[in-house]
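Colleague: I'd like to learn how to read a model like this one. Could you walk me through it?

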Amino acid sequence: MSDAMRAETVMIEGHQGDQIEAYSARPVADTPVGGVVVIHHMPGYDEATKEMVRRFAANGYAAVCPNLYWRDAPGASPDDAAAVVRAGGGVPQDRLLGDLAGAAAYLRAQPNSNGKAGIIGHCSGGRQAFLAACLLDFDAAVDCYGAFVAAPPPPGLPIAMEPLLPLADGLSCPLLGLFGADDKNPPPSETEILDAELTRLGKTFEFHTYEGAGHAFFAVDRPSYRPEAAVDGWRRIFDWYGRYLAK
Amino acid sequence: MCTYVTQYAPVDGSGKGPQGWFTVRQATVYVDHPQHAPYGHTVNIDFGNPQLGPAARVAVELTEESALALIEAIRGALASAPAGIASATPESLS
């Protein structure tokens, strides 16, 4: 079987039918494949995120990362676009969900799609992946160190962020959570709350917390990178998607 | 973590970006993951002008110590000059 893939910037239909930019990478063979929506982190639709998109394609998945900042700064560099969105107060939640639903529809409409779509996000994207998995139709989800999912921000932090725990009953798909034992956002005490709630609800999930790793241990271009945790984390991601997306 | 909290300051002056000098109108200040600085979190400051688009931006990512030192340096520089001399309306303050 060919391992050729096609990686390119495309336009996809997002929230309310808007055309938004996205980065797509997918195997070109006719063999049916699952899809993965990759959520870029708050610093933007950047090279590191695009590299993750290509990694999924190299491993046999069609992947797409919608540029969640496209409407705010079309054509701008990722860091400038992130600054504009930051100055404007962030991405509205309904628009985020509409764009992620559009990305999943784009993947499922590909000629070689097997009809399944997963989602993954890191940091703020981890929280958004959990949110999307609770409110949208996905087949598998991966939350990499998303904060404020099970607990509100600590006192003293002026952040208006509602915990997502009340949405957990709506979790539509199996969830893999990858966390760092040294992370303060989310700390292990928060992921334990989510673990207990998903257990109570009878959801299919697995959480792994890596010793010696903190926040952003997957980020190869940052000092937070922890190779042992990241290598094992990638192995678990592909095992998870192999179970729930590939067939 | 992403703090999601942004402080804003209206500013009046100029900055030099990739396209040269431009008038800056707004500063945004926030603590979050940097784009470039080799730290987990930094104090990030963007000087911009929304009317000129996203690329009209001068950005810095500073450690907490650097940001506080910068505040003191700004205060020191102002204190060493006649009061009001760098004001937008110097006559009114003199």
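**Where the chains meet**

Modeller: Let's start with the contact, which takes 21 residues from chain B and 23 residues from chain A. Keep in mind that this is a predicted model.

Colleague: Which strands of chain B each supply at least two residues of the side that touches chain A?

Modeller: Those are strand E2 (20–32), strand E3 (42–48) and strand E4 (57–62) of chain B. E2(B) gives the largest share of that side, with 4 residues.

Colleague: And how do the residues on that side of chain B divide into nonpolar, polar and charged?

Modeller: You get 10 nonpolar, 8 polar and 3 charged.

Colleague: Now a strand in chain A. How do I read the faces of E6(A)?

Modeller: In a regular strand the side chains alternate between the two faces of the sheet. Here, Ala140(A), Val142(A) and Cys144(A) sit on one side of E6(A), with Ala141(A) and Asp143(A) on the other. Both faces are covered, and all of these residues are buried.

Colleague: Which strands does E6(A) pair with?

Modeller: One is strand E5 (residues 113–122) of chain A, parallel to E6(A) over 5 bridges. Ile120(A) stands opposite Val142(A) there. Between E5(A) and E6(A) the chain crosses through helix H4 (residues 124–135) of chain A, a β-α-β crossover that is right-handed. Strand E7 (residues 175–180) of chain A also pairs with E6(A) in the parallel sense, over 4 bridges. In that pairing, look for Cys144(A) opposite Leu178(A) in E7(A).

Notes:
Residues numbered from 1 in each chain as written. Chains lettered and ligands numbered in written order. Predicted model: local features only at pLDDT ≥ 70, side-chain atom pairs only at ≥ 80, totals over all residues. Contact = placed C-beta atoms within 7 Å. Nonpolar A, V, L, I, M, F, W, Y, C, P; charged D, E, K, R; others polar. Buried ≥ 20, exposed ≤ 12 C-beta atoms within 10 Å, placed from the backbone. Pairing = 2+ DSSP bridges. Right-handed = clockwise from strand over helix to strand, strands pointing away.
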